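Subject: A structure for you to look at

Hi,

Here is the structure I promised to pass on. Open it up, turn it around a bit, and then read my notes below.

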Amino acid sequence: MIRNAVEADVPAIWSMIRELAEYEKVPHEARATEGQLREALFGERPAAFAHVAETDEGEAVGFALWFLSFSTWRGVHGIYLEDLYVRPGARGGGHGKALLAELARICAERGYERLEWSVLKWNEPTIAFYEALGARPQDEWTVYRLTDEALAGLAGSGAAGRPGAAGSGAAGRPGAAGSGRAG
C-alpha cells in the first residue's frame, strides 16, 4: 500500500535514507537529522513531501521523497523525486513501481507535466527498472552542484548583485552566467 507520509513515519524514512546512502556508497554524505527531516516534511512551511510503501502488516518498506519543480518552458510545476528507496527484502514486490505510479497520478491530477529524478550511472538494475516503465535518460544534460567550501566561497565572493553577475538577472541573456536551459 502507498500512502502519504505522516509525522510518525519520520524515524523510518530517516533510517531508509541512511540505508540508501550506504547502498550508494556515500554514508558520510547523509548528514540530515531526524529533526531536519521532520521540519522539511511537516514544519510550518514544508519544503518536501513523502509517500511511504508499507506491507499489509503496516511495516514501512519504502519511500519516495519529492518536491515541486517548475518549468519555465512549459509554464507549469513538475515533481522532482529526490529519493526513491525500497528495502532489499521488499524489492520485487511492486513497491517502487507503486510509489512512482502515485507520483505520476499526482502529476496528472494537478496538471504537472514532468516527473524527474537522477540515478547513479553505475546503478544498472535501477536504470533498467526505470527504462522498463518508459522513463528515458536526459543524456544531453550534466548535473552541477555547489556544496560546502565551493558554495561558501561563491557566496562570499561579493559577485551577487553586480551587473552581469550570476543571480543578478543576467541569466536570461545569451552568453550570460546562468543562461543554461534547465527550464
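Below is what I found, grouped by topic. Keep in mind as you read that this is a predicted model.

**Salt bridges**

Some background to begin with: side chains of opposite charge can pair when their charged atoms come close. Counting such pairs as salt bridges gives 8 in this model.

One of them joins R31 and D148, whose closest N and O atoms are 3.3 Å apart. Have a look at where the two partners sit: R31 is in the loop between α1 (10-23) and α2 (34-42), while D148 belongs to helix α5 (residues 148-155), so this pair links distant parts of the chain, 117 residues apart. R31 is exposed, with a relative accessible area of 61%.

Next, find E113 and R74, where the N to O distance of the salt bridge is 3.0 Å. Here two loops are tied together: E113 is in the one between α3 (95-110) and β5 (115-117), R74 is in the one between β3 (60-71) and β4 (76-86), and the two parts are 39 residues apart in sequence. Both residues are partly exposed, E113 with a relative accessibility of 44% and R74 with 47%.

The salt bridge between R105 and E109 has an N to O distance of 2.8 Å. How many residues apart are R105 and E109 in helix α3? They are 4 residues apart, which is about one turn of the helix. R105 is partly exposed at 39% relative accessibility, whereas E109 reaches 56% and counts as exposed.

There is also a network to look for: salt bridges link R3, D9 and E54.

**A charged residue that is buried**

While you are in helix α3, pick out E102. Is E102 buried or exposed? E102 is buried, because its relative accessible area is 19% and the cut-off for buried is under 20%. Leaving aside residues up to four places away in sequence, E102 touches I2 and H51.

**How two helices pack**

Now turn to α1 and α2. Their axes are 10 Å apart and the helices pack at an angle of about 115°, in a right-handed crossing. On the α1 side the contact is made by V10, P11, I13, W14 and I17, and on the α2 side by E34, L37, R38, L41 and F42.

Which residues make the nonpolar surface patch of about 250 Å²? They are Y23, L120 and W122. Y23 is part of helix α1, and its relative accessible area of 31% makes it partly exposed.

**Two backbone angles to check**

Most residues other than glycine have a negative phi. With that in mind, look at K25, which is not a glycine and yet has a positive phi of about 70°. You will find K25 in the loop between α1 and α2, where it is exposed at 59% relative accessibility.

D148, the salt-bridge partner of R31, is another case: its phi is positive too, at about 45°, although D148 is not a glycine.

Methods: Residues are numbered from 1 along each chain as its sequence is written. This is a predicted model: local features need pLDDT of at least 70, side-chain atom pairs count only at pLDDT 80 or more; totals for chains, interfaces and linings use all residues. Side-chain values use heavy atoms; hydrogens and water are left out. A salt bridge is a side-chain nitrogen of Lys or Arg within 4 Å of a carboxyl oxygen of Asp or Glu. Buried means under 20% relative accessible area, exposed over 50%, partly exposed in between (1.4 Å probe, protein chains only). Patches are made of residues with over 30% relative accessible area and no salt bridge: like charges are joined within 9 Å, nonpolar side chains (Val, Leu, Ile, Met, Phe, Trp, Tyr) within 5 Å. Accessible areas come from the Shrake-Rupley method with a 1.4 Å probe; for residues, only the protein chains shown count as cover. Axes are lines fitted to C-alpha atoms, for helices over the stretch in contact, and angles run from 0 to 180 degrees between N-to-C directions. A crossing is left-handed if the near helix is turned anticlockwise from the far one by less than a right angle, and right-handed if clockwise. Contact means heavy atoms within 4.5 Å.
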